[in-house]
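Please examine the structure shown below together with its sequence.

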Amino acid sequence: MSFLDSIAAGLSLVGNFEAFAALFVGVLIGTIAGAIPGMSATMAVALTLPFTFAMEAVPAILLLLGVYKGGIFGGCIPAILIKTPGTPASSATVLDGYPMAEKGQAGKALGMALWASCTADLISNLSLILFAGWLASFALNFGPPEFFTLILFSLTIIAGVSGNSLLKGALSAMLGLLLATVGLDLVYGTNRLTFGDPNLMGGLNFIAVLIGLFAMPEVMSMVWDPKPHEGKARGLGSDSVTFGEYKRCFRTIVRGSFIGVFLGSIPGIGAAPAAFLSYSEARRKSPNKANFGKGEVEGVAASEAGNNGVAGATLIPLLALGVPGDVITAIIIGAFMIHGLQPGPMMFVLNKDLIYGLFIGLIVSSFFLFFIGSLAIRLFKYVADIPRGVLFPGVLVLCIYGVFAVNNNIFDVGVMFVMGWVGYVMLRNDIPAAPFLIAFILGPLLENNFRQAMLMSGNSPEILFRGPITWFFWFLTLLTVAAIIRAGIRATRSMRSKPGAG
Amino acid sequence: MQRIKRQSLIGIASIIVAAVLMFAIIPTWVSSPSNVRNIVLSPLFWPYILSGLTVLIGLGLVVTGFFTTDPVEPEQPAISGGYGRLGILAAIMTLTMFALPRLGMVWTSMLIFAATAFLIRTSHPRAAIICAITVPLVLYGFFAHVASVAIPQGNYVRLP
């Protein structure tokens, strides 16, 4: 199938009202959710997932991708207007966005955030289209030992970089892997940790675990400390961004986009570090570096380009290798599975039309984002005024309906509640939840590939070192562990050297 | 030092959980066929390996918790009535599990919504009551009539 044939096949899947409407609604929901302080893009995608069960695969996935992209952009609106990032990825936007709002230039800051976000989103989507296919064709040579080492590497990096401590990240991943062993054994079909309960034979419901870990702790945090609204929304001001300013910041935007693409394609890093790295690079290279932190429009452009550059790139490992790069792509992999699809290299062979359909949808999403973003900037006040005392009980009820709808099983609601408390305890103890969820998803794959490799080799572990690909991933795993340990030791030393430490 | 102690406590808790898994739960609740020739392929292998690794990580947390001299950030101040509210939320969740099959999802959700809204001291009680009634009904409409999900109706009042 030629490139043009693939595009035509993709277009035949997405070239209908339902698909584009789903994408549009997704971007709209994401932008609104991202703009509500306390709701994150992750929570928005998780809560939207149950609504996609009754949909066809392509509109369902486009809806979720739209929520993802909208959510990442939407976070910048409260970051600029009320100094409260809607999502962690928008934290860097506060640095210059809010000082601009204080100077009466909120409209300009939001305008630049929108232009930078859409440009970065487009660059990220194009990178996805360029690299995912190439990576997938390379990954077609992978067998069980290669997949085992790849997943091991992904888990190592996710556990290492998701929180402040490698050990806590590793503990979180280990708990996720342990939880993934619940259910019938993959090879022999015997019971594992089912405690005689037939509800556990199929393993724990992924959606219940996911919503429990990511949405419920937010409700619990609100119950622990019921806070009213934070901050006061500022007016947009009369200034708006000009083409000259966009042109001046274009280089920064492109640089930030590529930083986002690079960091986004590595599992586990996420949008917030990309935004901060892009911001610091922009400040280092800018002739206006003295203005950074005091309301420099280039700072807003850099941070928004950095975090939006991640959005398309996180789909590279997801689509090409079947490895979710972050929590949101972990949720999206769940949507693929619910619709009977398994992301990975074989998808580029068996479902090429779907892959190209998603690519087309993603490109269109950048334009939808621009349109919806322009409206959202003006209508933010109404979104920000949703009282938290009504929002969070609504989230709780939505979680119950959504989790029940997966299997029509009340047991899953119980699993969600229990996982909610687990997630809350983890939150209170600075144990990152992302490695838990990703390990929970990758656990069966890791074990299955390991056991297949052992069966292939007659139980010889040498097969795990059988060729350059496995060696490459072992090397990367060791390098990651060494780098994280080194960074930890350095951080400890620098803290010790500070006066008053200890 | 509170945070450091907490890290060690997390480590100790992980070791205890892993030990309980290794010595009590896995031997009892993971069944393996008798004809498995190699331990590597046994259904027991993976849970034991993961429990063992959890012990190692727990030890790492204990050691780093006791011996590092990291300056610790101040502990989050205890919020007045925080534990009490969390206890009430836990009770709401437990009651939900009992109420869902008996009262039905819509009526239970209305009660949960209202209870949670007042638990978090909503400053908009009227809006909360209106939403407590409308949100579960709208969700019921979507899931039951659009997504064709059999929402539990309970034993008392059934919705169309």
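Asp185(A) and Arg192(A) are joined by a salt bridge, their closest N and O atoms lying 3.5 Å apart; the term denotes a side-chain nitrogen of Lys or Arg within 4 Å of a carboxyl oxygen of Asp or Glu. Both Asp185(A) and Arg192(A) are buried, where buried means under 20% relative accessible area, exposed over 50%, and partly exposed in between (1.4 Å probe, protein chains only). Through salt bridges with shared partners, Asp185(A), Arg192(A), Glu447(A) and Arg451(A) form one network.

The model is predicted, so local features need pLDDT of at least 70 and side-chain atom pairs count only at pLDDT 80 or more, while totals for chains, interfaces and linings use all residues. Residues are numbered from 1 along each chain as its sequence is written, chains are lettered from A and ligands numbered from 1 in the order in which they are written, and side-chain values use heavy atoms, with hydrogens and water left out.

A further salt bridge links Lys108(A) to Glu245(A), at 2.6 Å from N to O. Lys108(A) belongs to helix H7 (residues 106–139) of chain A and Glu245(A) to helix H12 (residues 243–264) of chain A, so the pair ties together parts that are 137 residues apart in sequence. Helices here are DSSP runs (H or I, at least four residues), numbered from the N terminus. Lys108(A) and Glu245(A) are both buried.

Arg466(A) and Glu146(A) also form a salt bridge, with 2.9 Å between the closest N and O atoms. Arg466(A) lies in the loop between helix H21 (434–457) and helix H22 (468–497) of chain A, and Glu146(A) in helix H8 (residues 144–161) of chain A; the pair therefore ties together parts that are 320 residues apart in sequence. Arg466(A) counts as partly exposed because its relative accessibility is 42%, whereas Glu146(A), at 5%, is buried. Over all chains, the count comes to 11 salt bridges.

What is the count of salt bridges between chain B and chain A? The count there is 0. Leu41(B), Trp46(B) and Ile120(B) supply 12% of the area that chain B buries against chain A, more than any other three residues.

How values were computed
Buried area = accessible area lost by both parts, 1.4 Å probe. Helix = DSSP H or I, 4+ residues; strand = E, 2+ residues; numbered from the N terminus.
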